[in-house]
Amino acid sequence: MACRASEPRDDASLRDGRGRWWWGWLVLLWILRPSEARAEAPKVDGPAPLELSAGPPDDPVRLRLGASVWVRGEIHQQPETTWAVPQRTRVEAQARWRGLSSFVQIQDVRSWGTEPSTTSTPATTGLHQGYLELGGRRGAAEGFIRVGRQEHFLGSMRLIGTAPWNPNMRSFDAIRLRGSHGPFSIDVTGALVRAPGSFTITDEAGNERTLRYGAEGVLMAAFGVAAHEAIELEGYLLVHDQTPTPEAPTRDRVVISPGARVSGKPWRGLSYDLEGYVQTGRWDGRGHGAALGAATVGYRWAHRPNPRVEAGYVVATGSGCAPREDGVSCDRDLHRDFDGFFGARHRFLGIIDAFAPTNVHDAWLGLRVEPAAWAELRAEAHHFMLFDPTGRWLATNGSPVADPNPYNREHTVGEELDLRASLHPWGPLTVQVGYAVLVPTGAGPGMIGEHPWQLGYLITQLAF
């Protein structure tokens with residue numbers, strides 16, 4: 001039940017019908033009605049935890065218990081040297097009777113050495129997931145309704161992901177409906193990201209005033225067709241309404257992002273993955289128009305050490321900047337910085353996390369080998385460029401890496417080498433060690449200096 005280093009299961013799919021919508025609800029209620037042939041609740045990655053059962057042998061109530069401890073030690077040199085040791089401890093329980101299940105996951109997240117004293121600990125414990133689910137299967141049709149705080153991801157997790165590198169990970173307060181019939185699947189999730197409220201600001205004249213804002217939410221929909229092992233199709237629709245904050249009191253954004261993904265294994269060993277999104281909407285009083293495209297192709301040999309070679313390319317649009325008398329202006333009539341929504345960004349664009357999926361080109365090559373059943377070694381080389389050389393260079397968390405240079409004409413900013421080893425020496429234990437270096441080239445030295453950026457880390461997780 002505990003989350004492990006392996007990638008989570010992709011079970012996206014379900015649609016909110018229009019027109020004769022009440023027919024859809026009747027069909028869904030029929031599928032979900034009490035039955036002996038119930039679909040089990042979605043499984044969570046990790047070793048089998050303690051499982052108990054009570055009640056009649058032919059219709060028991062099952063209880064699954066689990067716990068995990070995750071610790072990451074990391075050291076950065078950018079160019080100053082910093083280090084941190086974040087830790088996550090979790091306990092969880094899942095109760096299931098027929099098609100009804102409930103899942104609760106409590107976690108404590110902290111960074112070593114940040115507590116005020118050895119006898120005073122800030123409150124960092126809370127609910128990560130807690131939901132009620134009703135699911136079932138009828139013939140070739142199956143589905144579920146899930147209400148509460150829950151992890152969620154779509155496809156490759158490029159725009160909606162669980163953020164596994166973050167010790168808190170990511171979960172949503174959401175209602176999710178999922179269904180499938182044969183090769184077809186549909187999934188619709190509506191999440192409340194921020195409740196309505198108000199805050200006080202001080203204007204330029206020194207007067208205080210109160211600003212009220214509405215609810216902030218996100219709609220996430222996925223439609224899938226698993227036509228053949230050689231081709232699987234997924235379509236996405238994402239809508240994010242962003243309201244003002246004390247840091248950005250004029251924020252008023254609505255981003256609409258349809259997208260599609262095509263992936264498959266056309267023949268033994270060969271795989272491909274194509275993904276693309278376009279975006280429209282409004283961005284703080286301006287129009288918004290952006291796009292992202294990604295392509296990956298790989299080949300894996302079937303004999304130990306099972307080498308796999310990969311190559312990929314990612315491009316995301318960005319807004320350019322222009323000089324003006326009092327500095328630099330990046331506020332064009334059309335906002336072109338791609339909005340990465342809630343993606344698992346550490347999975348993409350290098351593990352140093354120097355690039356958000358905005359204003360960037362990334363051409364990369366990778367190699368993976370499995371010298372043993374419990375070990376995988378991985379190396380990747382990235383060539384990074386700015387989509388618009390005069391635009392912003394943003395890090396994974398959205399913070400600026402360097403000030404934009406409206407006179408820059410050089411696209412290239414650096415090369416990165418990532419080395420990782422993932423080890424599973426014992427069922428409950430996972431160990432991952434990694435090293436990465438980003439070497440500024442092209443316009444990079446003028447933006448971040450000539451000193452390479454480096455990252456070293458060690459992750460250990462014990463999950464039961």
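This note goes through strand pairing, aromatic pairs and charged contacts in a predicted model.

1. Strand β25 covers residues 412-426 and strand β26 covers residues 429-440; the two pair in the antiparallel sense over eleven bridges. They form a hairpin, with two residues between the strands.

2. Aromatic pairs, F103 and Y131. The structure holds nine aromatic pairs. In one of them, the ring centres of F103 and Y131 are 5.6 Å apart and the planes stand at 40°, so this pair is tilted. F103 belongs to strand β5 (residues 100-111) and Y131 to strand β6 (residues 125-138), so the contact ties together parts that are 28 residues apart in sequence. F103 counts as buried because its relative accessibility is 1%. Y131, at 6% relative accessibility, counts as buried too.

3. Aromatic pairs, F355 and F384. The ring centres of F355 and F384 lie 4.1 Å apart with the planes at 20°, so this pair is stacked. The pair links distant parts of the chain, 29 residues apart: F355 is in the loop between β20 (334-335) and β21 (360-372), and F384 is in strand β22 (residues 375-385). F355 has 2% relative accessibility and therefore counts as buried. F384 counts as buried at 0%. Ring pairs join F355, F384 and W393 into a cluster.

4. R146 and its partners. Which residue lies over the face of Y131? R146 does, at 4.4 Å from the ring centre. R146 also forms a salt bridge with E133, in which the closest N and O atoms are 2.8 Å apart.

5. R158 lies over the face of F348, at 4.1 Å from the ring centre. R176 is joined to D187 by a polar contact of 2.7 Å between the side chains. D187 has its place in strand β9 (residues 184-194). With a relative accessibility of 0%, D187 counts as buried.

6. Salt bridges, R304 and E370. A search of the whole structure finds 27 salt bridges. Among them is the one between R304 and E370, with the closest N and O atoms 3.5 Å apart. R304 lies in the loop between β16 (286-300) and β17 (308-316), and E370 lies in strand β21, so the pair ties together parts that are 66 residues apart in sequence. Are these two residues buried or partly exposed? R304 is partly exposed, with a relative accessible area of 47%. E370 counts as partly exposed at 21% relative accessibility.

7. Salt bridges, the network. E376 forms a salt bridge with R368, and the closest N and O atoms are 4.0 Å apart. E376 is partly exposed, with a relative accessible area of 23%. A network of salt bridges links R308, E310, R368 and E376.

Definitions and conventions:
Residues are numbered from 1 along each chain as its sequence is written. This is a predicted model: local features need pLDDT of at least 70, side-chain atom pairs count only at pLDDT 80 or more; totals for chains, interfaces and linings use all residues. Side-chain values use heavy atoms; hydrogens and water are left out. Two strands pair if DSSP finds at least two bridges between them. Helices (H or I, at least four residues) and strands (E, at least two) are DSSP runs, numbered from the N terminus. Rings of Phe, Tyr and Trp (its six-membered ring) pair if their centres lie within 6.5 Å; planes under 30 degrees apart count as stacked, over 60 as edge-to-face and the rest as tilted. Buried means under 20% relative accessible area, exposed over 50%, partly exposed in between (1.4 Å probe, protein chains only). A charge sits over a ring if NZ of Lys or CZ of Arg is within 6 Å of the ring centre and within 35 degrees of the ring normal. A polar contact is a pair of N or O atoms within 3.5 Å; within protein, one must be able to donate a hydrogen and the other to accept it, and residues adjacent in sequence count only if both atoms are side-chain atoms. A salt bridge is a side-chain nitrogen of Lys or Arg within 4 Å of a carboxyl oxygen of Asp or Glu.
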